[in-house]
Amino acid sequence: MASITLDKLNKTYGALTVVHDIDLTIADKEFIILVGPSGCGKSTTLRMIAGLEEVSSGDLVIGDTIVNDVPSKDRDIAMVFQNYALYPHMTVYKNMAFGLELRRADRDEIDRKVRDAAEVLDITHLLNRKPKALSGGQRQRVALGRAMVRSPEVFLLDEPLSNLDAKLRAVMRAEITKLHRKLDATFVYVTHDQIEAMTMADRIVVMNDGRIQQVAPPQELYDNPANLFVAGFIGAPR
Ligand code: ADP
Ligand code: MG
């Protein structure tokens, strides 16, 4: 079970509060998208869930454990970033296997997990290549594969498609939606792109200035925006 609860969550840097009293419950296996303009606190919120930033106050609960003091490596999560950060000197296979090798997993099990993930992502034919011989879309698939082999209950994705061109973004939107259905995991996805939010999310969390403006499924958000900010943000042309 990997529901996630943010209970009066705050993040401050000195005198600056960048995440204000966020209350949110994400259901097990939900696809939730945090959306809002640059600087509104999306990445900071995600990084607190990941354990990459300390919580300033409030509680963060994953499953039935308060994880405020649980180190990132002991949380059952995998994170995918915008800039992929693949290891340039390793093959695709090695990039995907490396995290499991560090955990001293069994070699046959590693091999099975890497090949299963590669098949789902349609990158089996790329396993022996190095990252520099891949397109942007292929690299992003490898980054997803690296997260998948760990079979986490929670996937955290921070603007994973921002570096792709518009056409590839559309393809990968559909791919990630498909992946979520297949994987049986909770997805928390950050974007500033309202089209991604409207087409991919079970529920959308609209943020502005470190605060939640509205939480609703896409259609409801579109039909009944809670305030002018939400209406303007969701309705705005790209
Ligand atoms: P988003 O992902 O929505 O663009 P962020 O969560 O990255 O926004 O940032 C939210 C705010 O927190 C921004 O104003 C940013 O400048 C500030 N911020 C982020 N990290 C730090 C830091 N380490 N020190 C001070 N301010 C920070
Ligand atoms: Mg960000």
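## Helix α3 and residues with positive phi

Helix α3 is followed by aspartate 122, whose phi is positive, near 65°. Helices are DSSP runs of H or I with at least four residues, strands are runs of E with at least two, and both are numbered from the N terminus. This is a predicted model, in which local features need pLDDT of at least 70, side-chain atom pairs count only at pLDDT 80 or more, and totals for chains, interfaces and linings use all residues. Residues are numbered from 1 along each chain as its sequence is written, while chains are lettered from A and ligands numbered from 1 in the order in which they are written.

The mean pLDDT (the predictor's confidence in each residue, from 0 to 100) of the protein chain is 93. The model scores ipTM 0.98 and pTM 0.94.

In α3 (residues 107-121), Ile110, Val114, Ala117, Ala118 and Leu121 are buried. A residue is buried if 20 or more other C-beta atoms, placed from the backbone, lie within 10 Å of its own, exposed if 12 or fewer, and partly exposed in between. Seen down the axis of α3, the buried residues fall within an arc of 100°, so they line one face of the helix; the arc is that of the directions from the helix axis to the C-beta atoms. The face turned away from the buried side carries the exposed residues Asp108, Glu109, Arg112 and Glu119.

Two further residues with positive phi lie in loops:

| Residue | Phi | Loop |
|---|---|---|
| Serine 151 | about 40° | between α4 and β7 (154-158) |
| Glutamate 159 | about 45° | between β7 and α5 (166-183) |
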